[in-house]
Amino acid sequence: MIGGRLRLGESLARHSSWRVGGPAENFYLPATADDLAGFLRDFARGPITWLGLGSNVLLRDGGLRGTVICLAHGLEQMELAADGEIIAEAGVSAVKLAHFAAKNGLAGAEFLAGIPGTLGGCLAMNAGAHGGETWPLLEWVELLHPNGERERRAASAFQVGYRSVRGQGDACFVRAGLRLPTGEPEALRAQLRAWQNQRAATQPLSWPSCGSVFRNPSGDHAARLIEAAGLKGRRVGDAEVSTQHANFILNRGQARSREIEALVMEVQETVRKQFNVVLQPEMRVLGEHHDD
Ligand SMILES: Cc1cc2nc3c(=O)[nH]c(=O)nc-3n(C[C@H](O)[C@H](O)[C@H](O)COP(=O)(O)OP(=O)(O)OC[C@H]3O[C@@H](n4cnc5c(N)ncnc54)[C@H](O)[C@@H]3O)c2cc1C
């Protein structure tokens, strides 16, 4: 028997920070990495999509075929090993990891406290903020391949760039080892809180979003270009370019994925015409278009 929960036709809007997305044909929530390995070996059907807290994905209204495997809400073990290494599973939230490191006097992970994703999602995206990034914190990662085999690899074996990582193929990240320099816990906590407060003051955190929609083009800021193009407050249905931070698109009620996508394209097109800069989306777009 395999542990964890399998649901058919689960609404993905419940698993996306934008609160949009159609049904997943199969939706599996493993409780442990062993559950997940057993499920992959014996039960998984069709294409597999990995999901964490859904804070950097636009899940389309037509949903996803095959099996969506969500590593948030399970795989949440985290420990400080005797040699000072933090070992954390992929479902641990970035916020918890940041607090755990600071409490234990380990420095460099404070930026993670503002990122509303899982460690797995941060590994897949090389999430970063305030000059810090996820991959420089790592010594090793453990992969789980679609045939259920686990493999531990040195972090240096991957090709890591701005919000991108290559080398994992179609495997998922299940665990990682972080090696951090020491720091003073109270100072680390103070830094972490200061960055959280700065976000609360500058980002529209009370409405569903995926954070920054576009990457910053080199030498400029996507938010500056979008604002200069006069797009703040522009709406398609309930999808709206934030009036507070122009690189956020908010779901102001009952937005559909297709409305968000249409607004993303309109912003791209307007900025391209006015400034000859092609903005590249930072989030991943997954799933099928709705028929109507
Ligand atoms: C308000 C807000 C602020 C944000 N601020 C920042 C920021 O400052 N910096 C930043 O970098 N990001 C930011 N983000 C984006 C997002 O939180 C990060 O990209 C985060 O790392 C995504 O984690 P997740 O668990 O939600 O991943 P998901 O959105 O669930 O998945 C993202 C991608 O990773 C893949 N994936 C997820 N888990 C795994 C796994 N275990 N193994 C392999 N692949 C996996 C998915 O298939 C998908 O392609 C912000 C988002 C919001 C809503």
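Predicted model: local features only at pLDDT ≥ 70, side-chain atom pairs only at ≥ 80, totals over all residues.
Strand 7 (residues 86-89) has both faces covered. Ile86 and Ala88 are buried on one side, and Ile87 and Glu89 are buried on the other. In a regular strand the side chains alternate between the two faces of the sheet.

Strand 7 pairs with strand 6 (residues 78-80) in the antiparallel sense, over three bridges. Across this pairing, Leu80 is opposite Ile86 of strand 7. The two strands make a hairpin in which five residues separate strand 6 from strand 7. Gly84, in the turn, has a positive phi of about 90°. Strand 7 also pairs with strand 14 (residues 172-178), again in the antiparallel sense, and here there are four bridges. Glu89 is opposite Arg175 of strand 14, and Glu89 is among the buried residues of strand 7.

## Helix 4

Helix 4 covers residues 185-202, which is 18 residues. From its first C-alpha to its last, the helix reaches 26 Å, close to the 26 Å expected at 1.5 Å a residue.

The buried residues of helix 4 are Leu188, Leu192, Trp195 and Arg199. They cover an arc of only 65° around the axis, so they lie on the same side of helix 4. An α-helix has 3.6 residues a turn, so residues three or four places apart point the same way. The buried residues pack against helix 2 (94-103) and strand 8 (128-129). On the face turned away from the buried side, helix 4 carries the exposed residues Asn197, Ala200 and Ala201.

Ala107 belongs to the loop between helix 2 and helix 3 (119-125). Its relative accessible area is 15%, and Ala107 counts as buried because the cut-off is under 20%.

Neighbours within four places in sequence aside, Ala107 is in contact with Leu180, Pro181, Thr182, Gly183 and Leu188. Ala107 and Leu178 are 71 residues apart in sequence, while their C-alpha atoms are 11 Å apart in space.

Three strands form an open sheet in the order 15-16-17, with antiparallel pairing. Strand 15 (235-236) and strand 17 (249-251) are at the edges; each has a single partner strand, so one side of each is left without a neighbour in the sheet.

Strand 15 runs antiparallel to strand 16 (residues 239-241) and is joined to it by two bridges. Arg235 has Glu240 in strand 16 as its bridge partner. Helix 6 (residues 257-275) packs on this sheet and touches strand 15, strand 16 and strand 17. The direction of helix 6 makes about 30° with that of strand 16.

## Cysteines

The whole structure contains zero disulfides. For a disulfide, the two cysteine sulfur atoms would have to be within 2.5 Å. The sulfur of Cys70 has its closest cysteine sulfur in Cys172, 11 Å away, which is too far for a bond. For the sulfur of Cys122, the closest cysteine sulfur is that of Cys210, at 14 Å, and this is also too far for a bond.

Cys70 counts as buried, at 0% relative accessibility. Cys122 also counts as buried, at 2% relative accessibility.

Note on methods. Residues numbered from 1 in each chain as written. Heavy atoms only, no water. Pairing = 2+ DSSP bridges. Contact = heavy atoms within 4.5 Å. Axes fitted to C-alpha atoms, helices over the stretch in contact; angles between N-to-C directions. Expected span 1.5 Å × (residues − 1). Buried < 20%, exposed > 50% of the residue type's maximum accessible area, 1.4 Å probe, protein only. Arc of directions from axis to C-beta.
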